[in-house]
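Please read the explanation that follows with the sequence and the three-dimensional structure side by side. It goes through confidence, helices and strands in turn.

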Amino acid sequence: MASRNGRRHHQGLVPLAALLSRETKNEKMEKPTMQYGCAAQSKKGEDYFLIKTECLRVPGNPSSAFSVFAVFDGHNGNAAAIYTRENLLNHVMTAIPGGLGREDWLQALPRALVAGFVKTDKEFQRRGETSGTTATFVIVDGWTVTAACVGDSRCILVTPGSAVSNLTVDHRLEDNAEERERVTASGGEVGRLVIFGGIEIGPLRCWPGGLCLSRSIGDMDVGEFIVPVPHVKQVKLSYLGGRLIIASDGIWDALSSDTAARSCHGLPAHLAAKQVVKEALRTRGLKDDTTCIVVDVIPPNGSNPPSPPPKNQNKLRELLLKIKSRSSSRSKLSKKLSSVGVVEELFEEGSAMLAERLGTHDSTAQSRPGLFTCEVCQVDLAPSEGISVHAGSIFSTSSKPWQGPFLCGDCRNKKDAMEGKRPSGIKAA
Ligand SMILES: [Zn+2]
C-alpha cells in the first residue's frame, strides 16, 4: 500500500515497516517556519509573479494562515499574465466550500484549483483580449505543499539529502508525447514551423495558433484544445522540511532541475533565488524573461526529530511515497512517515479532461442543499439548468449523469470545446 513503485525494496534500505514500527515519541508536528526570495531579469516584460503570505483560510483567524507563490510567464502580450496574477487566487478560493476544517480544506484544494484555473481562463477570454500565460501556483500550508500548473514554469522540490523532484509537469509539445496525442485527438495539428523551401525549424507547435505549449490560460486566438486544466500535485514534507524552486522557462531552458538545485545549495532563500538567475544568465545569456522564486520550509526552532535518525536515512530521504488512501489511519501513518524523513505524496492528477478532474460529488460537497451551483464559475443554477459534468461523456456509463457536479451552459460549452467535441467557437444550443 505504501509504495507502488517498488523502490522500497532497493538494497540497503531499512524495510519501511521496521522504521514505522519504531516508537515515535512526539508525533505532533509543529508548524514549520518559512523563508523566501525572488529574483528576476526582464527581457520582454511578460513574466509576472505573486508572493502572498498570511492568506487566511478562515477569515479573522491568524492560525489558519497559508501562503501562495506563483509565476506567470505571458506570451503575445502581458494581459493574460496580469489578469491571472490578479484573479486566480480569488477564483480558487471561491471554489472551496465554506466551513471546512484544515484537513478537509486541503483535500478540497486540488478540485478547487481545477475550477479556479478554468474560471480564470473563461473570464479572461470574455474580455476579448489576445495573449496567454503559463501559471504555476503553489500553496504552502504548514508542511503541505500543493502545486498546480499549466505551461512550462516548473516547480521543483529539493529535500534534505539533495533529492530533487518535480512537483509540476511541463506542458510543452516538444517534450510531452501524451499532450501531443491529446491535442491531435482534440482536432489540433502538431508540427514545426515550415520556412521557405519546406525546411522545418524550431520546437513543435500546435496549429492553428503556433503555440509551443499545450496548456495555458488565455490564448483565445489559439485552438481550444489548449486547455487551462492544471496538473495538480500535493505532498506533505517530512520534519526535515524542503526547498521549492519555482521559475519561468528563462531558467529551465538554461538549467536542469538538478543543476538549479545544486547551484544555490546552502544559500538562504533570498540569495538562492538571485544565484539561480545568475547561473542561468551565465549559461545562456538573457534570451528570455527570467523569474525565480525560492521558498524554504524550515523545521521550527528547537524541534528535534521525533525518533533517532535511522542509519540509512539518507537513502530514505530520497523516497517519495504515494499514499492514495484517505482512511482514518492515514494521519497516523503520515506522522510516522514524516518522522523518518519521507515526503508523502497525497495527490497527483494531470488529466486534461474536466469530467475526470471534477469527479463526483460526495454528499457533503454541495454546501447549500436544494441550490445547485456551477462547479467551475460558481454561478447559481436553476433546477432545470444544470448539466451534469458526466452527462453525455464517456463517463456516463460508469457514473450517473444526474449526479453532480454540475456545469452552467457556458462552462459545458467550454468543456466540449476543450475536448474537441465541437469546432472552436461554435456553441451548442
Ligand atoms: Zn459555469
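In H4, which covers residues 177-185, the buried residues are Glu179, Arg182 and Val183. They lie on the same side of H4, because the arc they cover around the axis is only 95°. What do the buried residues of H4 pack against? Their partners are strand S9 (189-195) and strand S10 (199-207). Just after H4 comes glycine 187, with a positive phi of about 100°.

The next element to trace is an open sheet of five strands, whose order is S1-S14-S13-S7-S8 and whose pairing is antiparallel. Strand S1 (33-41) and strand S8 (163-166) stand at the edges with a single partner strand each, and therefore one side of each has no neighbour in the sheet. On average, and with direction ignored, neighbouring strands of this sheet are turned by 15° against each other. Within the sheet, strand S7 (residues 155-159) and strand S13 (residues 242-247) are paired in the antiparallel sense over four bridges, and valine 158 is found opposite arginine 243 in S13.

Helix H7, residues 269-284, packs on this sheet, where it touches S1, S13 and strand S14 (290-298), and its direction makes about 30° with that of S1. The length of H7 can be checked against expectation: at 1.5 Å a residue its 16 residues should span 22 Å, and the end C-alpha atoms are 23 Å apart, which agrees. The buried residues of H7 are Ala269, Ala272, Ala273, Gln275, Val276, Val277 and Ala280. Besides S1, S13 and S14, these buried residues pack against helix H5 (249-252) and helix H6 (257-263).

Seven of the seven residues of S5 (residues 135-141) are buried, so the strand is largely enclosed by the rest of the structure. In a regular strand the side chains alternate between the two faces of the sheet. In S5, Ala135, Phe137, Ile139 and Asp141 point one way while Thr136, Val138 and Val140 point the other way, and all are buried. S5 pairs with strand S3 (residues 65-75) in the antiparallel sense over five bridges, and isoleucine 139 in S5 is the bridge partner of valine 68. S5 also runs antiparallel to strand S6 (residues 144-150), to which seven bridges join it, with threonine 136 opposite cysteine 149 in S6. The hairpin of S5 and S6 has two residues between the strands, and in it glycine 142 takes a positive phi near 65°.

Finally, the confidence of the prediction deserves attention. The mean pLDDT of the protein is 83, with 78% of its residues at 70 or more. Over residues 22-27 pLDDT stays under 50, and the model has 11 contacts beyond four places in sequence for them. Residues 302-318 also have pLDDT under 50, and for this stretch the model has 36 contacts beyond four places in sequence.

Note on methods
Residues numbered from 1 in each chain as written. Predicted model: local features only at pLDDT ≥ 70, side-chain atom pairs only at ≥ 80, totals over all residues. Buried ≥ 20, exposed ≤ 12 C-beta atoms within 10 Å, placed from the backbone. Arc of directions from axis to C-beta. Contact = placed C-beta atoms within 7 Å. Pairing = 2+ DSSP bridges. Axes fitted to C-alpha atoms, helices over the stretch in contact; angles between N-to-C directions. Expected span 1.5 Å × (residues − 1). pLDDT = per-residue confidence, 0-100.
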